[in-house]
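Subject: Structure handover

Hello,

Here is the structure for you to look over. My notes follow below it.

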Amino acid sequence: FMDWREEETQPSDRLSLLDRFEKRLQTFFQPQANQTRGLRCLCLTNLAFALFYFFAGRLGLLFSIPDGHPSPLWLPSGVALGAVMLMGTRVIPGIWLGAFFVNLSSSLLWSQPVGSFDLVMSGIGVSTGACLAAAIGATLIKRSVGNRHPLERVGDVFCLLGLGGIVGCLVSAFAGTATVCLSGTVPWSRFGETITTWWLGDATGVFVVTPLSFVWTTTTQAKLEERRFECLSCFGLTGLLSYLTFIESPTLPLGLVLTPFMLQPFILWAAVRTGSRGAIIAMVITSMIAVWGTVHTEGPFSWIVRADKLLMLDVFLGMNVLTALCMSATVIERHQAESSLWKANNQLEQHVLHRTEQLNHAIAQLKSEITERQQIQTQLAERGIHLRSILESVPVCVKLLAQDGTLLEMNAA
């Protein structure tokens, strides 16, 4: 670290050498300290995200059917996709760890008991599929959307939900279904039904949770604060109508019944008046109540068989989310177009004012030049008259000749 070739040094010199030695020690160990701190931060981030993923998975398991069907609303799939898009691939270890422990904890929900080895292998396969789905979906969305916000254009909304929810979740659905069938947890005869429900549950989780992660991390709360009473009224009426539709199902006068499609005006109300954030909040309320009511009670889809009932529920939720997000994106595009139009109008007005000022300045200069020329012409005319009077008063002959000898002026004498 130091050059100790100097054998004789004064005490003050020794102090300075010790200070330099300490500074060089700090310089040498600083990169290692930064690397250690970065590794510790990365580990804590993944651990915290694994816990969050685990609790989201436990919440998603509340919506699963007790006889081994996947949950029709799998919240961790949306959490994982949103985390990878917002935080990058460094959270993938946390996703894998959380998915692994969620799969282990959900083993009690399956009807057939399995061995510990099969259970571990099943957890590895399901967690790997969840990581691949989040990574592939985030990569496809970023290549299509770029650095734009995915909820501010209608085309970007289709890319987010289509690539992340429909295409990406096929990976996790296939990997998870194949894993649980290979482990013996689910018989191969139910492969088609299981992969369909798994895929729809993951896709619905992406539809509901991923936009929620974007609007609560990258969007301002101006509209919600400005229209607080309207937002509370909209969310309250949406929750009440969802509860009456999917859980209570009361009989109205004249034999009328509440249908799920009666919720669409309230969701569109939230999308138009409060933007994408209000639309997602309304959809989260509707989705939670709808899934709970469909799984644990009869609900409005009780006339359909169980597998088709889950399919109908996921289609209903997906279409409502797509409609709400497209409507809010359309409103945002309209506001952006109006803002661009006002900006262009202001720029045009400023340009016109600037050109008008330049034109007025040029006109003023032209008038000044005309006035100066008129004054010069007047002065020349006066001087000509004065010269003429002088020539006429001289008693001798006076001639004014040009350089070429041409006679210009001559008096009477």
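The side chains of arginine 273 and glutamate 230 meet in a salt bridge, 2.8 Å from N to O. A salt bridge here is a side-chain nitrogen of Lys or Arg within 4 Å of a carboxyl oxygen of Asp or Glu. Arginine 273 sits in helix α9 and glutamate 230 in helix α8, so the pair ties together parts that are 43 residues apart in sequence.

Before the rest, the ground rules. This is a predicted model, in which local features need pLDDT of at least 70 and side-chain atom pairs count only at pLDDT 80 or more, while totals for chains, interfaces and linings use all residues. Residues are numbered from 1 along each chain as its sequence is written, and side-chain values use heavy atoms, with hydrogens and water left out.

Overall layout
The chain has 10 helices and 2 strands. Both kinds of element are DSSP runs numbered from the N terminus (helices: H or I, at least four residues; strands: E, at least two). Along the sequence the pattern reads α-α-α-α-α-α-α-α-α-α-β-β. Of the 413 residues, 39% are buried. Buried means under 20% relative accessible area, exposed means over 50%, and partly exposed is in between (1.4 Å probe, protein chains only). The accessible surface comes to about 23,900 Å², and 64% of that belongs to carbon and sulfur atoms. Areas come from the Shrake-Rupley method with a 1.4 Å probe; for residues, only the protein chains shown count as cover. Among contacts with a separation of 6 or more, 70% join residues 24 or more positions apart. Contact means heavy atoms within 4.5 Å.

Helix α8 covers residues 228-248. Arginine 273 is partly exposed, at 35% relative accessibility.

Phenylalanine 266 also lies in α9 (residues 264-296). Leaving out residues up to four places away in sequence, phenylalanine 266 touches Cys234, Leu237, Thr238 and Leu241. Phenylalanine 266 is partly exposed, with a relative accessible area of 22%.

Other salt bridges
The count comes to 3. Arginine 148 pairs with aspartate 156, with the closest N and O atoms 2.9 Å apart. Aspartate 156 is buried at 4%, whereas arginine 148 is partly exposed at 35%. Glutamate 338 and arginine 334 meet at 4.0 Å, N to O. Both lie in helix α10 (residues 306-393), 4 residues apart, about one turn of the helix.

Surface patch
Leu44, Leu47, Leu51, Phe55, Leu97 and Phe101 form a nonpolar surface patch with about 590 Å² of accessible area together. The elements giving two or more residues are α1 (11-61) and α3 (92-105). Patches are made of residues with over 30% relative accessible area and no salt bridge; like charges are joined within 9 Å, nonpolar side chains (Val, Leu, Ile, Met, Phe, Trp, Tyr) within 5 Å. α1 gives the most, with 4 residues. Leucine 44 counts as exposed, at 53%.

Strands
Strands β1 (399-401) and β2 (407-410) run antiparallel, joined by 3 bridges. Strands pair if DSSP finds at least two bridges between them. The two form a hairpin with 5 residues between them, and glycine 405 in the turn has a positive phi of about 90°.

Best regards
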